[in-house]
Every structure is written in structure tokens, then in C-alpha cells.
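Dear colleague,

I am passing on the structure below, and my notes on it follow directly after. Please read them alongside the coordinates and tell me where you would look further.

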Amino acid sequence: MPTALCERSPRVPAEQLVAEMVPPPRFDAVRFGTYVPDPSQPSQTEAVELLRSFAAGLGGASATGEARGGLFRRRRRRAVAEGPRGVYLDGGYGVGKTHLLASLWHATPAPPERKAFGTFVELTHLVGALGFQQAVAALSGHRLLCIDEFELDDPGDTVLVSSLLGRLVEAGVALAATSNTLPGKLGEGRFAATDFMREIQGLSAHFRAARIDGQDFRHRGLPEAPAPHDDRTVVGTAHRTPGASLDAFPALLGHLATVHPSRYGAMCEGLSAVCLTGVTPVPDQSTALRLVVLADRLYDREVPVLASGEPFDRLFSEEMLNGGYRKKYFRAISRLTSLARDAGRLTGS
């Protein structure tokens, strides 16, 4: 019998959230050498060289030892003030930004416990779970903090992240981030960014920005998103696929509201496939944003998604796709489409 995501409500200790801040399984084996730049997009090759150089420059003392005291700490602070302590990769969907960010994590000469990797959402959830001061203490000993999908969705996040990164840079932590939005443009379309320009500019000052151009590799040379299956196919596949889950889509959306998004990753652990019946457009923005987080965690873990009902490109309304969170929604569509293609092997299609 298949399991059900609706029956999973994992409890994740706060300290485990820090220990699990590593590249997701999908990116365990990626390296700079496995990234294949598009010859027609020189910015992709330039980004690889920039990050190789950045990783090589992190071979000195980390924030855990000499950087915590005396003259060295004063020198470190002066070095921070002289220029950005981080790199920021901006580009469209599917151009390989997460691949490059994970490659940087792997290439940085520091033990895994002194490097942290997580999405922007996971970082804010970490602060929520630990509290601000404990989060600063937990991350200040790191040599590198990688933040994937950097976006600012509300004023609270703006002030929180600005303060957190400022404290970490002061402690000698190097930063690397990816986003679909340049640092100076964060928050546009979501809230009154002009009211928080000081915080936004403070964030931008931490980074040297680099643009990566290109087409979404998930769609490069591939057919359009596969058509949804019928309920009978989805249910039958779930029952004969070991480790698969089976849920009615509306029920799953309701269940997501009862689980903190920081636990969605744990909720997906051990699944070989996710089977969903009755996919319909999401009813509201809060539900849509929770679904985006779930899509990210499934994509991280390479869990194929087999579904009936509406195709994934109809999940979000035109108003949502034209609003301030449009980049999140387009990313979710791109990733769910990729996972729907992966599910073709379950049905032989």
C-alpha cells in the first residue's frame, strides 16, 4: 500500500536543521567540472571562473579560529569593509545557478561542518526555529554560507536577513547566493521596497553580482510538459511502486498548512515517487507559496511526480503569475514539469 504525505507530520530538532544545511541529494556529485556552459552564453563560463577563484580565496583561516580574536579579527573587519565578502549569481530559471552554488560548496577548502548550504526560505526558517542570536552563534563559525533562491518577500525578512548577514560578515563568514533578482532589486513588486531601501542596499553591499544568461536547461531540447494522467493510472502506479505516496491534491494542500515549511524536506524523505489525484489551481497565495516550498524539496530529492487533473502550468492564476511572487511560481512550474517528465518511467510513457 502506498503511504500518504497527508499522514506525515515530522518533528525536526532545531540543531538538526543546522547539521542538514548541505547541498541536497540532487547536487551531491556536482562539481565545476560537471557544469557544461552553453558556448553561446559566455557569462556561464565567466561565472565558473569567478566561483573557482572565490573558492580558492577561502583557503585561509576560517572564522572559527584566528578570526575570533585580537589583531587578526581587526584585520578581518578592515578587509570586510574594503569590499564585498560574497558573490551573487543572478540569472533566469534552469541556467545552472544551483549547480554552481553547490560546486562552490564542494570546492571550498573547509570541513562540511564549517560550510552551510540552504535556500533563502530554509535560512529564514532556521532563524525562526533557533531565534536570532542562536542562529548567529550557530553560523558564525562557518567559513562559507551558500544561500540559494535569494528572495525577499516581506519587510520582516528584509530586516532579519540584513541583520543576520551583517553579523556573519563581521564574524568573517563568506557569502554566496543565487537569485532571479539582482541585489538592488530585491523586494520589488512584493512590498514598498523604497521604505526599506537602506536594508536592501546594505544587503547589496555584501555581494559582488554576476549575471548568468541562458535558457532553462530543464526545457532545452525537451518536449513540453507531459499531459496529466487519469486517476486510474495514478492510483494503480502508486500501488505497484514501492515507496510511492498517494494523495488527493486538495487534501495535500490542506495538510501543508499544518506542517511548518522547514519540515517539508523531512516529510519527503524516503519517497520513490509522489502520486497526486485531482490537481486543480491553488486557491490563494498562502497555499501557493507552501506548494512552491514542497516543489523545491521534491526537486532537491529527485522525487518524480505523477498526477491527474490540471497540468502543472495551470496551477497558478494569471494574477499570481503577474504578481510579486511570479518568479517563485515560474520556478515551481519548471521544477514540477521536470519531475512530471521523470515520472514517465513509472508508467512506461
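Of the contacts in the chain with a separation of 6 or more, 87% are between residues 24 or more positions apart, where contact means heavy atoms within 4.5 Å. This is a predicted model, in which local features need pLDDT of at least 70 and side-chain atom pairs count only at pLDDT 80 or more, while totals for chains, interfaces and linings use all residues. Residues are numbered from 1 along each chain as its sequence is written, and side-chain values use heavy atoms, with hydrogens and water left out.

The chain has 349 residues, of which 51% count as buried (under 20% relative accessible area, with exposed over 50% and partly exposed in between; 1.4 Å probe, protein chains only). Its secondary structure comes to 15 helices and 8 strands, taken as DSSP runs numbered from the N terminus (helices H or I, at least four residues; strands E, at least two).

An open sheet of 5 strands has the order 2-3-4-1-5 with parallel pairing, two strands being paired if DSSP finds at least two bridges between them. Strand 2 (115-119) and strand 5 (207-212) stand at the edges with a single partner strand each, so one side of each is left without a neighbour in the sheet. Strand 1 (residues 86-91) runs parallel to strand 5 and is joined to it by 6 bridges; Asp 90 has Arg 211 in strand 5 as its bridge partner.

Most residues other than glycine have a negative phi. Glu 149, however, has a positive phi near 55°; this residue lies in the loop between strand 3 (144-148) and helix 7 (155-170) and is buried, with a relative accessible area of 10%. Glu 302 also has a positive phi, of about 55°, and is placed in the loop between helix 12 (285-300) and strand 8 (305-309), but Glu 302 is partly exposed, at a relative accessible area of 43%.

Finally, the structure holds 2 cavities of 30 Å³ or more, a cavity being a set of points on a 1 Å grid over the protein atoms alone where a 1.4 Å probe fits but cannot get out, with lining residues having an atom within 4 Å of a point. About 80 Å³ of space lies in the largest cavity, whose lining includes Phe 249, Val 274, Leu 291 and Phe 312. Helix 12 gives the most to this lining, with 4 residues.

Best wishes

Conventions. 1 Å grid on protein atoms, 1.4 Å probe; cavity = no way out; pocket = protein on both sides within 12 Å on 5 of 7 lines; lining within 4 Å. Points joined across faces, edges and corners; volume = space filled by probe spheres on them.
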